[in-house]
Amino acid sequence: MIWELTRILTVSIISAILIFLIQPWLYRSAIGFFLVTDLDIEDWLAEQYMPGAVIVFSTALGATILWYIIARNKAVTAASDVAPMRLPWGLLLLIPIIGICCALYFFNKSNDALLSLTFLYVVDTLMLYWFSTAISSPGLLKFIPPGSFTLRHLLRLK
């Protein structure tokens, strides 16, 4: 249990650094894919990017924690108990997807940033929800997230 929570915390901290420090720096550096010319970048980062990033981060982290609580409290005694848990995992994925949609709808006034912002929000969600649940799901439910068997094998996790 402690290692599962440690992995979630570690991925959350890395994600926060990525979302709130590195990604804004990418926009400030004004290079290629992250070039925003249709408004003032500092105003956009403060008024549009950060609130949207908070929504994406919060919804993905909330879904991850909710999945962990559900998985930890689920009494799994047989293989027949595992397969039905794919549905709750998939439904919880809808929470960060809705968060991305809300962030893009309410907090993006830049047409230049739309494609890169969408890409970054999807990557953020993959890292925070999918990756966290793939390496931190407890017990017999550890292989519910797609690709978790391969990922756990590559990372040499039990």
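Which helix gives the largest share of the lining of the largest pocket? Helix 1 (residues 2–29) does, with three residues. The model is predicted, so local features need pLDDT of at least 70 and side-chain atom pairs count only at pLDDT 80 or more, while totals for chains, interfaces and linings use all residues. Residues are numbered from 1 along each chain as its sequence is written, and side-chain values use heavy atoms, with hydrogens and water left out.

**Largest pocket**

- The largest pocket holds about 160 Å³ of space, a pocket being an open set of points on a 1 Å grid over the protein atoms alone where a 1.4 Å probe fits, with protein on both sides within 12 Å along at least five of seven lines.
- Its lining (residues with an atom within 4 Å of a point) consists of Trp-3, Glu-4, Arg-7, Ser-137, Gly-139, Lys-142, Arg-152, Arg-156, Leu-157 and Lys-158.
- By class, the lining residues are six charged, two polar and two nonpolar, where Asp, Glu, Lys and Arg count as charged, Ala, Val, Leu, Ile, Met, Phe, Trp, Tyr, Cys and Pro as nonpolar, and the others, Gly among them, as polar.

**Helix 4**

**Aromatic pairs**

- The structure holds 12 aromatic pairs, that is, rings of Phe, Tyr and Trp (its six-membered ring) with centres within 6.5 Å, called stacked if the planes are under 30 degrees apart, edge-to-face if over 60 and tilted otherwise.
- One of them is the edge-to-face pair of Phe-20 and Phe-57, at 5.5 Å centre to centre and 65 degrees between the planes, which links helix 1 to helix 2 (residues 41–73) across 37 residues.
- Phe-20 is partly exposed at 23% relative accessibility, whereas Phe-57 is buried at 15% (buried means under 20% relative accessible area, exposed over 50% and partly exposed in between, with a 1.4 Å probe and protein chains only).
- Tyr-49 and Tyr-121 form a stacked pair, 6.5 Å centre to centre with 25 degrees between the planes; because Tyr-49 lies in helix 2 and Tyr-121 in helix 4, this pair ties together parts 72 residues apart in sequence.
- Tyr-49 is buried at 0% relative accessible area, and Tyr-121 is likewise buried at 0%.
- Tyr-49 and Tyr-121 belong to one aromatic cluster that includes Tyr-27, Phe-33, Phe-34, Trp-44 and Phe-119.

Methods:
Points joined across faces, edges and corners; volume = space filled by probe spheres on them. Helix = DSSP H or I, 4+ residues; strand = E, 2+ residues; numbered from the N terminus.
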